[in-house]
Amino acid sequence: MTAGPVPGWGVDVTAAERRRTPAQPWPDDGQTTHSGACRDLPPELGPDAVSVLEGRTFMFSDARGDVPKGSIGGLVHDDTRFLDRWELTIDDEPLLVLASGTVDPFSAAFFLANAGLPGLPPNRVGVRRQRFVGDGLYERIELRYFGPEPVEFQLRLAVGTDFADLFEIKESVRDRSAGIVRRHEPDGSALRFTYRNGGYATSVRVAVNPAADLVDGDSLVWRLRLDRGQAWECELRVPVHCGGLDLEPVARGFGDAFERDAEDPSTQWLATAPTLSSRSDQLVTVYRKSGADLVSMRIEKRIRDEPVVLLAAGLPWFMTVFGRDTLITSYQTVAFGPHLARGALLVLAAHQAREYDDFTDREPGKIFHEYRTGELTQLGIKPYQPYYGGADTTPLWLVLLSEYWRWTGDDALVRELRPNAEAALRWIDECGDLHGRGYVGYATRSTQGLGNQCWRDSHDGVQFADGTIPTLPIATCETQGYTYDAKLRTAELAAGPWQDPALAARLRTEAAALRDRFDRDFWVPDRGGYYAIGLDGDGRQIDSMTSNMGHLLWSGIVPPERARAVAYQLMSEEMFSGWGVRTLSTADRGYNPIGYHLGTVWPHDNALIAAGLARYGHHDEAHRIITSMLEAATFSAHRLPEAFSGYDRAFGLRPVPYPTACNPQAWASGAPLLFLRTLLGLDAVEGRLVVDPHIPEPFGWIRLDGLPAFGRRWNVHAEGTRHELRAAE
């Protein structure tokens, strides 16, 4: 279904359209939209759930390594769940957990023991499960018996699959059992499940060595007799058939990595990333953890026969390309190696919209929001191949194009992508301006579309201070900041590699006009002064106080005389939890410390805020955020999750987890890299590497060796406000 721009938008808003809100973009349907993380973590996985991932493959289990039927757990590849049950028992009793957890991002270990059974006291059989993912699942099970007398028992692995689409896992799963065909090997060596729905077909196989003694339904059963000290081992391989490809997992060991060609972009990014040393072990440990997590979320593609890599957004719901997340993560990492940014620019440009389409919210020049490949998308039930419901992705693509050029001087790529950049600018000025007031806004045209199309994309993520939901279309403040920055940056490209001074002058004039009217229309003088989160469909200020105004400092749209007031609000008791800046002020009616966008603390959000504070000279406030965030990471294995709860630091000795946070998540893993850049005052300006450090005393000194810029490598050493910069040998 294709159509032009919705009649009336940008000219007049009818009474019927005023009733449309992000919670109910189609009021006649009576349905409420939900964000991607709408389902709570079920109790059967619990707070000690273990997740492992590699590229587009991940597996969620409980602390035993089991996946109970009916949970969100399982083995997922490319938006399809291939295992929804994976339970190991001895004589049909669950095992006891001694210890478990991840070893590498792609591996986990589970140390278990038997429960008490007739004739077998507890803790006599030690069990170790070693799990590795990547193009399927590889798992080793080892048993050792420590009882005085020989023992006999049954070891059972119960297996199941529902071939659920990822969207169903987080909502409700359609019963496909009638369409799932089983072809199990009678000798116990393998189980095989296949499924077809029209043109969509997929399959999974569980191969075991040694073969099971019995195939009982979808369970593999071994009848074991062990003497004291005797060991028994089994290997399981779970290859998947997806997208017409047969993917085979390989046997791996802890600490191993997939062998990659030296030209592979993720290998290049790792090789290019500089080495960090500092008096702060905390900073160094978080930096290294972030690098490992970022590479584990890589997605590799070929664009015009060039291998490129970009990052999936986060585990579990977002193991795919998200325009906004990918662009911001690429910005966070570009100073540490340009390969991720280059891949993001090329992939997103290759899928830039060229026409209108209501179902996918597609408009010419727009950069997509989300790309999915599961059954519901392939059959046209969901609009995600790709879906364009993001108002901020297009200006952010222009921001990243500029930042990539500043750090690399890659004139050739910038010239090559000029048509894409010009199409993006046309979208901003024409399709994006739904109010007719010169602001980029959003209102879905798709019956499957997102109600909110900014980074706060839950149905209630944008609201008035009194908790009411605004009407569509909505123009959020940070999107205007991104647009202001994008126009100034694109003017720089026009004056430089494009050699188009007239375009540069026009864009600078447009940016200045946007800055003036934005300050007039979005500034709220009440409560000490702050920027409203947005304008609603009637042009009214959406007056909640949010962290989004910190993004305005990052983009530079805030006049200098307003910056102190914004900084004060961000660091006030209502906004700053002690661990980071909350998404919503505690003084607003909608505040909820465990509301997805209504009071939680997001690392990527805080990284942009800290960078913005430092940009305006508020270094002490930026340091407070960075220090608190790094301290928070020590309570989650030195990894910053997608978000954590917004309870005040005095509420407990550690940050309270957000129950369904993605972990890891790309832009949370990228946040420490932007923190480091902020501390060092790193920038690339007109072909020069600029260092303007403000290192707080607890960090002592910071050294980066092998920092890539302009095709060379540099060593940076900073302490306090002093620094040394020299070309690496």
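All the views show a predicted model, in which local features need pLDDT of at least 70, side-chain atom pairs count only at pLDDT 80 or more, and totals for chains, interfaces and linings use all residues. Residues are numbered from 1 along each chain as its sequence is written, and side-chain values use heavy atoms, with hydrogens and water left out.

**View 1. Helix α17 bends at Pro672.** Helices here are DSSP runs of H or I with at least four residues, strands are runs of E with at least two, and both are numbered from the N terminus. Helix α17 takes in residues 666-680 and reaches 22 Å from its first C-alpha to its last, close to the 21 Å expected at 1.5 Å a residue (that is, 1.5 Å times one less than the number of residues). The bend at Pro672 is about 25°, taken as the angle between axes fitted to the seven residues ending there and the seven starting there. Just after α17 comes Gly681, with a positive phi of about 60°.

**View 2. Strand β20 sits beside β30, running antiparallel to it.** Two strands pair if DSSP finds at least two bridges between them; β20 (residues 275-278) and β30 (residues 701-709) are joined by four. Look for Thr275, whose bridge partner in β30 is Asp705.

**View 3. Five strands make an open sheet.** Reading across, the order is β6-β5-β11-β16-β15, and the pairing is antiparallel. β6 (93-94) and β15 (214-216) stand at the edges with a single partner strand each, so one side of each has no neighbour in the sheet. Further in, eight bridges join β11 (residues 151-160) to β16 (residues 219-226). Gln154 stands opposite Arg223 of β16.

**View 4. The largest pocket holds about 1000 Å³ of space.** A pocket is an open set of points on a 1 Å grid over the protein atoms alone, where a 1.4 Å probe fits, with protein on both sides within 12 Å along at least five of seven lines; lining residues have an atom within 4 Å of a point. The volume is the space filled by probe spheres set on the points, which are joined across faces, edges and corners. Of the 35 lining residues, Pro47, Ala49, Ser636, Pro657 and Asn663 are the closest to the centre. β7 gives the most to the lining, with five residues.
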